Amino acid sequence: IISADTVVFCDGEIMGKPHGTADAKRMLSKLSGKAHTVTSGVALLYRGEVYTDAATTKVFFDELDEAFISEYVASEEPYDKAGAYAIQGKAAPVISGIEGCYFNVVGLPVNCMCKLARANGIAVEFGK
């Protein structure tokens with residue numbers, strides 16, 4: 001069993017999924033023009049043993065104007081995403097860069113998960 005969850009950290013606040021339109025707008029406004037970190041924890045349950053690790057990625061946002069924020073929030077995309085955005089979705093054009101694992105920001109730190117599995121003797125196969 002593989003489990004993962006993601007949070008966004010910005011200016012001392014831990015951001016999970018927004019609790020509605022106003023919260024999504026607030027989160028995006030806070031992230032606007034700043035760097036923040038995204039941390040995903042991953043847990044593997046294999047043959048009765050639990051193995052855990054986490055990955056952190058730094059994400060850089062452009063300045064977001066009210067029009068972008070309103071349009072993005074209206075898209076419904078932010079509501080099931082930590083920090084109210086999807087790097088792989090409509091927020092991609094306002095992300096100026098990252099330091100670390102892209103897949104971590106998407107929500108499953110694939111490299112971290114695979115290293116954790118291999119370090120504990122769990123075979124990992126892709127592409128079948």
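## Aromatic pairs

F68 counts as partly exposed, at 22% relative accessibility, while Y72 counts as buried at 2% (buried is under 20% relative accessible area, exposed over 50% and partly exposed in between, with a 1.4 Å probe and protein chains only). The model is predicted: local features need pLDDT of at least 70, side-chain atom pairs count only at pLDDT 80 or more, and totals for chains, interfaces and linings use all residues. Residues are numbered from 1 along each chain as its sequence is written, and side-chain values use heavy atoms, leaving out hydrogens and water.

A search of the whole structure finds three aromatic pairs (rings of Phe, Tyr and Trp, the last by its six-membered ring, pair if their centres lie within 6.5 Å; planes under 30 degrees apart count as stacked, over 60 as edge-to-face and the rest as tilted). One of them, F61 with Y85, is edge-to-face, at 4.8 Å centre to centre and 70° between the planes. F61 is in strand β4 and Y85 in the loop between α2 (66-74) and β5 (95-99), so the pair links distant parts of the chain, 24 residues apart (helices are DSSP runs of H or I with at least four residues, strands are runs of E with at least two, and both are numbered from the N terminus). Both F61 and Y85 are buried.

F68 and Y72 form a stacked pair, 5.8 Å centre to centre with 10° between the planes. About one helical turn separates F68 and Y72, because they are four residues apart in helix α2.

D23 is found in helix α1 (residues 21-31) and is buried, with a relative accessible area of 16%. Not counting residues up to four places away in sequence, D23 touches K17 and P18 (contact means heavy atoms within 4.5 Å).

In helix α4 (residues 110-119), the buried residues are C112, M113, C114, L116 and A117. Their cover includes β1 (2-10), β3 (35-46) and β4 (49-61). Just after α4, G121 takes a positive phi of about 75°.

## The largest pocket

The largest pocket has a volume of about 190 Å³. Of the 15 residues that line the largest pocket, T6, K81, A82, V106 and G107 are the closest to its centre (a pocket is an open set of points on a 1 Å grid over the protein atoms alone, where a 1.4 Å probe fits, with protein on both sides within 12 Å along at least five of seven lines; lining residues have an atom within 4 Å of a point). Volume is the space filled by probe spheres set on the points, which are joined across faces, edges and corners.

The largest share of this lining, four residues, comes from β1.
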